[in-house]
Amino acid sequence: MKAMWCVVVGVALGACTSDPGEGDPSWALECEESARCEAGGDAGGQGDAGEDAGPSADAGEDAGEDAGEDAGDTVCSSPRITSTPSEVFSGDLVDLSGADSTGPDGGEVGSYEWSLVAAPMSPGVDFGVDPSDASRSRLRTEAPGLYVIELQVNGDIGCPPARVEIDVMPEPGERSVRVQMSWVAQGDPDTTDGTSADLDLHYLLPMGAWDEAPGDIYWDNPTLDIGEPGAADDPEMTQDSATSAAPEIVYHPNPPVGLYVVGVYYYEDPGFGQAEASLLIEVDGVTALSLPGELLFEQGVFWEAATITWPGGQVRPVGSVTAGFPR
Ligand SMILES: [Ca+2]
Ligand SMILES: [Ca+2]
Ligand SMILES: [Ca+2]
């Protein structure tokens, strides 16, 4: 039987995928969502727990202490996460352990529920629980960025989970461009209900044409082997999204020399009206340009937002909005 890996990306999504192949097949998976913390409206316990948590920090410390107050009459366990190594670069494996967790009053732990609640890319995040020891899980970090993992024990619904935030750095010596686009339509009161305006991020390669493969990287053409053979210098849409609940992300390690252009297209409006698009461009892991709240008035409008010159890494806003893609 082929081992199954559990992929949980975003707070509300859970899905199973086949073992991506590189992993140890013994790390088979449970594919359940963990219980979410809903105690007394104070999910803030999650934030407390992870606030200062470097990869090796005892993220569960605060969660346990606050548990009694947060959960009312529920007697909470004390979940704790330790993760190694302390410095994580893209491509590294991270081992996580909940073995230091305890049940109520220091008692035994009967069950562990792990969840990956945020990641810089989706799908394709390898996050799995050791089938022979549910207190252990493992993350393979394919792209730089922030990964957030939570642990609940003993099915303690209503108790704060332990939380660890792992800030993954680019591989040493790797240069990069990272583009993230998020949006919200002004007439959409709930961005998390799955019904939303759909905007698309476009990343135009030198000599490419908008909205056409192979030179425009977007949802329908997510990557291209450019430059040297192999993926080490290829752009990739690492996260596509059809709703405002999650951003779209393009990551480009070691870009070949040239001029790259970033654009945003208002793909579909199911009736919410004008949308505000926000763009964040990072060069070598540092914010180079942040453009919040560009108004796109209706479906079919295109915003040519910025250019990136390489290898200099200069990022300049363009700010041209047109009806349809420029030709
Ligand atoms: Ca909505
Ligand atoms: Ca989209
Ligand atoms: Ca290549």
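**View 1. Cys76 sits in the loop between α2 (61-70) and β3.** This is a predicted model, where local features need pLDDT of at least 70, side-chain atom pairs count only at pLDDT 80 or more, and totals for chains, interfaces and linings use all residues. Residues are numbered from 1 along each chain as its sequence is written, while chains are lettered from A and ligands numbered from 1 in the order in which they are written. Helices (H or I, at least four residues) and strands (E, at least two) are DSSP runs, numbered from the N terminus. Is Cys76 buried or exposed? Cys76 is buried, because 26 other C-beta atoms lie within 10 Å. A residue counts as buried with 20 or more other C-beta atoms within 10 Å of its own, as exposed with 12 or fewer, and as partly exposed in between; C-beta atoms are placed from the backbone. The C-alpha atoms of Cys76 and Val153 are separated by 9.1 Å. Along the chain, these two residues are 77 residues apart.

**View 2. Strand β8 (residues 145-153) is mostly covered.** Seven of its nine residues are buried. Six bridges join β8 to strand β5 (residues 112-118), and the two run antiparallel. Here Glu113 has Gln152 in β8 as its bridge partner. Strand β9 (residues 162-168) is also antiparallel to β8, joined by seven bridges. Tyr147 stands opposite Ile166 in β9. Two strands pair if DSSP finds at least two bridges between them. Strands of a sheet pair through backbone hydrogen bonds, either parallel or antiparallel.

**View 3. Four strands form an open antiparallel sheet in the order β3-β4-β7-β6.** Which strands stand at the edges? They are β3 (82-84) and β6 (126-129). Each has a single partner strand, so one side of each is left without a neighbour in the sheet. Neighbouring strands of this sheet are turned by 20° against each other on average, direction ignored. For such angles, axes are lines fitted to C-alpha atoms, for helices over the stretch in contact, and angles run from 0 to 180 degrees between N-to-C directions. Strands β4 (residues 93-97) and β7 (residues 136-140) pair over five bridges. Leu96 has Ser137 in β7 as its bridge partner.

**View 4. Five strands form an open sheet in the order β13-β14-β10-β16-β17.** The pairing is antiparallel. At the edges are β13 (236-239) and β17 (286-296), and each pairs on one side only. Neighbouring strands of this sheet are turned by 20° against each other on average, direction ignored. Strand β10 (residues 176-185) pairs with β14 (residues 248-253) over six bridges. Arg178 stands opposite Tyr251 in β14.
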